[in-house]
2 protein chains.
Amino acid sequence: MTSKRQSVTDRIYDALKQEIFDFALLPGDRFTEQEVAQRMQASRTPVREALSRLQRDGFVTVMFRAGWQVKPFDFEKFDQLYELRIFLELAAIKKLCEQQESPALDSLKNFWLVPVKDRLSHGPTVREQDEAFHCQLVEACGNEEMAKVHRNITERLRIIRRIDFTQAPRIEATYKEHGKILRAIIKRRTLEAQRLLQAHILESQAEVQKITLHMLHQARQT
Amino acid sequence: MTSKRQSVTDRIYDALKQEIFDFALLPGDRFTEQEVAQRMQASRTPVREALSRLQRDGFVTVMFRAGWQVKPFDFEKFDQLYELRIFLELAAIKKLCEQQESPALDSLKNFWLVPVKDRLSHGPTVREQDEAFHCQLVEACGNEEMAKVHRNITERLRIIRRIDFTQAPRIEATYKEHGKILRAIIKRRTLEAQRLLQAHILESQAEVQKITLHMLHQARQT
DNA sequence: TTCACTCATCATGTATGCAAGATGGTATTC
DNA sequence: GAATACCATCTTGCATACATGATGAGTGAA
């Protein structure tokens with residue numbers, strides 16, 4: 001129903017973002033508006049607008065009269081985003097635990113607090129659901145502005161977080177940790193929930209860093 | 001030096017934002033791209049781009065083929081922004097207190113930790129400096145992404161925060177409170193600094209709410 | 001061989017033209 | 001008199017044309 005209102009700009013914006021997520025456009029790649037316009041079967045105007053949004057979102061940069069570039073990997077920036085993400089989610093948990101009721105948590109419970117046999121095992125799907133878990137946690141606390149900032153951070157981290165969830169142990173751990181966090185929130189144990197969540201994110205971050213460094217090391221050797 | 005690179009779009013973006021801050025464009029006001037283009041002596045293209053940025057920043061909204069509107073006051077949103085701002089600044093203080101050194105704090109000390117006779121008294125100037133205080137606090141902790149989010153929030157709250165700082169007692173209080181916060185940070189008393197800062201912001205928020213409600217009440221009576 | 005300069009080419013930034021749809025006023029009907 | 005339908009006008013969304021400055025290949029001199 002909302003799709004009717006999708007403009008050409010929106011379509012191109014989504015498509016480009018997806019290409020970046022899918023590594024069809026690699027970090028550091030350079031391209032022109034004309035190229036994108038041809039590929040997307042549109043004129044430069046909506047392409048420019050879409051690129052402008054993506055720039056504001058932190059995915060691409062424009063070089064004055066010299067083309068566009070997919071933002072190169074910047075590990076310091078990723079660390080900052082992880083840190084900010086942790087702050088936001090800790091704040092969200094604090095708010096959640098202070099609330100009397102939080103019906104918004106129900107869908108989370110229904111997905112994550114399930115017996116082992118009902119759990120998913122497909123890596124990419126679990127990554128998607130992991131993202132949803134953290135986003136919904138922030139959304140549930142009722143501060144839409146917080147949720148918006150958090151969503152942007154989540155998207156910007158998606159590129160490297162996909163490296164996680166490639167191995168079964170991490171998937172299993174994710175289920176276990178999410179379960180623990182939810183139960184702590186339900187029991188209104190703020191500090192415990194915060195501690196668990198911080199550990200959960202840091203662990204995932206460490207995993208990603210490890211693999212990323214490995215990839216970098218390999219790349220340098222070639 | 002950086003001004004050379006200011007495009008027409010940038011100029012219009014800044015000008016429009018300033019007009020919104022100055023209430024030359026009032027919340028709820030509707031206008032067209034053509035109007036702005038004429039006023040700014042430019043074509044619709046850069047106007048559109050500037051408006052698009054302002055929309056993303058949360059200052060205006062576009063109505064499909066029906067003109068633009070300065071975002072009307074939304075007090076619930078302001079509360080959310082205040083809350084988010086507090087979270088960010090508390091996190092910044094935590095980081096600052098954990099750091100060994102923080103030379104970035106020096107300019108803050110030089111401005112706020114001064115004898116009474118050296119203090120400014122001009123309301124608008126102090127408001128500007130108050131904004132700078134909080135922004136620099138976040139910048140000093142070294143997370144640029146955090147600082148960026150915080151800056152956007154600060155700008156969006158500027159419209160209502162200008163109501164504050166109209167009375168001498170609030171200016172005096174601001175000096176006193178900022179001084180206390182800085183001293184607590186210098187002594188690495190994290191919790192005390194956080195408590196002071198939260199109280200400081202909540203007080204300012206309460207003041208703004210009081211005056212705003214008063215204004216609304218008056219507006220309804222006319 | 002290497003460095004510097006020139007100029008054609010190309011990419012973005014800006015202006016303008018055109019189309020689809022929203023709006024508001026007027027006329028018509030009940 | 002009220003409500004509805006229709007039409008002129010207006011506004012944004014998209015396409016295209018033009019201007020300005022960046023880039024890099026090629027040439028000439030040291």
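Trainee: How are α7(A) and α4(B) oriented to each other?

Mentor: This is a predicted model, in which local features need pLDDT of at least 70, side-chain atom pairs count only at pLDDT 80 or more, and totals for chains, interfaces and linings use all residues; side-chain values use heavy atoms, with hydrogens and water left out. Helix α7 (residues 144–161) of chain A and helix α4 (residues 75–98) of chain B pack at an angle of about 55°, their axes being 8 Å apart, where axes are lines fitted to C-alpha atoms, for helices over the stretch in contact, and angles run from 0 to 180 degrees between N-to-C directions. Angles under 35 degrees count as roughly parallel, over 145 as roughly antiparallel, 65 to 115 as roughly perpendicular and the rest as oblique, and α7(A) and α4(B) are therefore oblique.

Trainee: Which residues of α4(B) does α7(A) meet, and what classes make up the contact?

Mentor: With contact meaning heavy atoms within 4.5 Å, A:E144, A:E145, A:M146, A:K148 and A:V149 meet B:K77, B:Q80, B:L81, B:L84 and B:F87. By class (Ala, Val, Leu, Ile, Met, Phe, Trp, Tyr, Cys and Pro nonpolar; Asp, Glu, Lys and Arg charged; the others, Gly among them, polar), this contact of α7(A) with α4(B) has five nonpolar, one polar and four charged residues.

Trainee: How far apart are the closest N and O atoms of the salt bridge between A:E145 and B:K77?

Mentor: A salt bridge is a side-chain nitrogen of Lys or Arg within 4 Å of a carboxyl oxygen of Asp or Glu, and across the interface of chain B and chain A the rule finds ten. For A:E145 and B:K77, the closest N and O atoms lie at 3.4 Å.

Trainee: How much area do chain B and chain A bury between them?

Mentor: In this interface, 26 residues of chain B are in contact with 26 residues of chain A. Buried area is the accessible area (1.4 Å probe) that two parts lose on being put together, summed over both; 51% of it here is on carbon and sulfur atoms, and the total is about 2300 Å².

Trainee: Which residues of chain B lose the most area to chain A?

Mentor: Three residues together account for 26% of what the chain B side buries. They are B:R56, B:F87 and B:E145.

Trainee: What pattern does chain A follow along the sequence?

Mentor: Helices (H or I, at least four residues) and strands (E, at least two) are DSSP runs, numbered from the N terminus. Chain A comes to nine helices and three strands, and its pattern is α-β-α-α-β-β-α-α-α-α-α-α.

Key
Residues are numbered from 1 along each chain as its sequence is written. Chains are lettered from A and ligands numbered from 1 in the order in which they are written.
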